[in-house]
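Biologist: I have a model open and I'd like to learn how to read it. Could you walk me through a few features?

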Amino acid sequence: MSTDSFFAAISRARDAVLPARLQAWLKTPRGMWTVLGTMQGVFLLAAAILSLFGQAFSDTEIYRVWASVGFDSDRVIGPSPWVYPILALIPMGIAYSFGEAPFLFIWVLMIAILNTLAVGRLTRWGRNTKAIPAALWWIGFTTLLAWLGFTRVDGITAPIVLVALTIGTASPFLASAILSVATWTKVWPAAVVLALFTVVRQRVRVVLAGMLVTAAVVGLALAVGELPELLNFLLEQGDRGMQLEATFTTPWLWMSVLGIGGAQMYMNHDINSMQVDGPGSEIMSVLMQPLLIAAALLVAGLIFWALHTGKGNGGADRTALLLFGTLALTTAFVVFNKVGSPQFMVWLAPAVAVGLSLQWKAWRVPAAMLIGVGVLTFFIYPLFYGPLSENNPFMALVLTARNGLLVVLFAWSVRQLFLMGRNPSAIPRHGHSMHDDEQTSSAA
């Protein structure tokens with residue numbers, strides 16, 4: 001079946017379920033804001049109920065403990081707060097500003113506000129009706145991941161990255177500054193900074209913005225007396241093994257399920273992570289960091305090649321290259337990572353949402369794949385993580401399918417970059433922000 005036939009079948013199924021009037025209403029600003037408000041209202045209500053009983057949920061329980069001891073790692077049993085970059089501690093401190101009880105509600109409220117800003121920016125606050133389906137996709141994917149997008153630091157950074165990508169090549173300095181703030185909150189937006197640096201002409205501006213934000217972060221660390229802890233997040237992950245959900249862990253996952261070679265799952269309480277150990281897993285754990293770096297550099301090189309080769313083949317679309325490059329790099333950060341936490345799936349959504357808002361047909365394949373990834377991830381966590389960690393073969397199959405989809409998504413995004421170099425006209429242009437970049441720049 002061709003992709004056109006597949007999506008035609010999907011459209012027929014949608015039309016059979018949703019009346020035409022409802023579909024039309026959903027694509028209006030009122031429909032979009034109603035859907036977003038309803039979705040976020042459900043999470044806020046659930047958070048409010050839990051907060052009334054003084055409860056948190058998932059990782060927010062850990063964040064609340066860290067905030068309660070002033071982020072002093074010596075007073076914490078388990079993971080250190082410095083597994084995150086320093087700016088991640090700011091929203092934790094804000095959520096704790098009224099004490100323990102309302103922590104979860106305030107945390108979810110902050111993410112709801114950021115998601116609202118992201119949807120507003122994506123659709124120009126509803127004025128760009130062509131972008132509303134992309135916003136609905138973003139809302140749907142966020143809903144599908146459930147608490148993964150609302151109780152983790154990743155949920156803070158994803159909408160920030162989305163906003164930066166909507167700015168993209170039109171204002172590299174501002175986009176880089178926003179992405180640098182996100183990177184000092186959770187490391188993964190560095191992949192987007194790399195894509196931006198590779199694509200734009202004004203690379204000096206990208207670097208300058210990053211340096212200014214970093215200088216401000218260093219100043220903050222000095223002001224609060226935590227400069228020695230500033231780079232601890234780079235060291236905290238070094239000794240950990242292969243996490244259960246990581247893509248490259250899949251062979252050891254099945255060895256554990258089938259009882260081969262003494263492979264086993266175990267909880268690493270120091271970092272609150274389920275890992276898998278078996279023959280060769282320690283060697284693979286050591287190799288993953290250089291593999292991740294190599295994959296990122298190779299993708300960046302491919303973006304650069306596509307940019308310059310594409311110029312000679314009819315013109316390179318810098319906006320499209322930024323978005324496809326971002327998807328390829330963030331997917332590489334997931335696929336070649338020995339840490340495979342389920343919230344990492346949030347990283348992949350911003351580039352797809354912005355891509356859909358500019359060229360729906362060019363991005364419908366990764367959008368569909370990510371819905372599949374989201375569904376499978378929901379089954380893995382929160383529904384059946386217990387059976388998975390107890391060697392349940394069915395859940396091992398679900399995880400294997402999810403990881404396989406991630407590999408396919410990575411291959412697809414790499415192929416798009418290759419096509420953009422060989423034949424840019426094969427992919428519809430993604431807008432006019434690239435012209436802003438070319439007209440305002442004089443740096444090579």
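Biologist: Let's begin inside: how many residues does the largest nonpolar core have, and which of them have the most contacts inside it?

Modeller: Ground rules before that: this is a predicted model, where local features need pLDDT of at least 70 and side-chain atom pairs count only at pLDDT 80 or more, while totals for chains, interfaces and linings use all residues. Residues are numbered from 1 along each chain as its sequence is written, and side-chain values use heavy atoms, with hydrogens and water left out. A nonpolar core is a set of buried Ala, Val, Leu, Ile, Met, Phe, Trp, Tyr and Cys residues joined through side-chain atoms within 4.5 Å. Buried means under 20% relative accessible area, exposed over 50%, and partly exposed in between (1.4 Å probe, protein chains only). Here the largest core has 121 residues, and Met92, Trp107, Trp137 and Trp138 have the most contacts inside it. Helix 15 (residues 318–335) gives this core its largest share, 12 residues; helices are DSSP runs of H or I, at least four residues, numbered from the N terminus.

Biologist: And what is methionine 92 in contact with?

Modeller: Contact means heavy atoms within 4.5 Å. Leaving aside neighbours within four places in sequence, methionine 92 touches Tyr63, Trp66, Ala67, Phe71, Tyr84, Phe103, Trp107 and Val153.

Biologist: Now charges. How many salt bridges are there?

Modeller: Side chains of opposite charge can pair when their charged atoms come close. The rule wants a side-chain nitrogen of Lys or Arg within 4 Å of a carboxyl oxygen of Asp or Glu, and the count comes to four. One of them joins aspartate 15 and arginine 14, at 3.2 Å from N to O. Aspartate 15 is partly exposed at 42%, and arginine 14 is too, at 38%.

Biologist: Which parts does the pair of arginine 152 and aspartate 59 tie together?

Modeller: The closest N and O atoms of that salt bridge are 3.6 Å apart. Arginine 152 sits in the loop between helix 7 (132–145) and helix 8 (154–167) and aspartate 59 in helix 4 (residues 59–68), so the pair ties together parts 93 residues apart in sequence. Arginine 152 is buried at 5%, and aspartate 59 is buried at 14%.

Biologist: Where do aspartate 154 and lysine 186 lie?

Modeller: Aspartate 154 is in helix 8, and lysine 186 is in the loop between helix 9 (172–183) and helix 10 (190–199), 32 residues apart. Their salt bridge has its closest N and O atoms 2.8 Å apart, and both residues are buried.

Conventions:
Helices (H or I, at least four residues) and strands (E, at least two) are DSSP runs, numbered from the N terminus.
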